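This briefing is meant to be read alongside the sequence and the coordinates. Please keep both in view while going through the points below.

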Amino acid sequence: MTRGDQRERDRAKKLKEEAAKGKKLAGSPQARREADAKAVAEKQAAKAKARAEVEAKGEVAAFDKKIVQRQANAQQKK
């Protein structure tokens, strides 16, 4: 019972599928690191801007509320 070239075709099909859905890493590792760093910096700038707007209104940001609550809980335990 031979399979002929079915095994060969299956391997080629599998390689093609893996290539299609595989990770698409473009550029060198250094270029990807720089792009990631830029994206993180943009995200941090947007969060800082949003926090500044909330603080300008006199409100406390949700993140800051958690910090204040944790500090209050820590002082109550002492």
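Helix H1 is hardly covered, since the count of buried residues among its 16 residues is zero. The model is predicted, and across the protein as a whole buried residues make up 3% of the 78 residues. Read along the sequence, the protein follows the pattern α-α-α, with three helices and zero strands.

**Helix geometry**

- Helix H1 covers residues 6-21, and its end C-alpha atoms lie 23 Å apart, which agrees with the 22 Å that its 16 residues should span at 1.5 Å a residue.
- Helix H2, which runs over residues 29-56, has 28 residues and reaches 40 Å from its first C-alpha to its last, close to the 40 Å expected at 1.5 Å a residue.
- After H2 comes Gly58, a residue whose phi is positive, near 90°.

**Surface and exposure**

- The protein exposes about 7,700 Å², and carbon and sulfur atoms supply 54% of that area.
- Arg9 has a relative accessible area of 52% and is therefore classed as exposed, the cut-off for that class being over 50%.
- Asp5, at 45% relative accessibility, counts as partly exposed, because that class takes in values between the 20% limit for buried residues and the 50% limit for exposed ones.

**Side-chain contacts**

- The count of salt bridges in the protein comes to one.
- The side chains of Arg9 and Asp5 meet in a salt bridge, with a distance of 3.4 Å from N to O, and this pair joins an exposed residue, Arg9, to a partly exposed one, Asp5.

**Confidence**

- The protein averages a pLDDT of 83, and 87% of the residues score at least 70.
- Confidence is highest in helix H2, at a mean of 90, and lowest in helix H3, which comprises residues 62-77, at a mean of 80.

Notes
Residues numbered from 1 in each chain as written. Heavy atoms only, no water. Salt bridge = Lys/Arg side-chain N within 4 Å of Asp/Glu carboxyl O. Buried < 20%, exposed > 50% of the residue type's maximum accessible area, 1.4 Å probe, protein only. pLDDT = per-residue confidence, 0-100. Helix = DSSP H or I, 4+ residues; strand = E, 2+ residues; numbered from the N terminus. Expected span 1.5 Å × (residues − 1). Areas by Shrake-Rupley, 256 points an atom, 1.4 Å probe, with all protein chains shown as cover.
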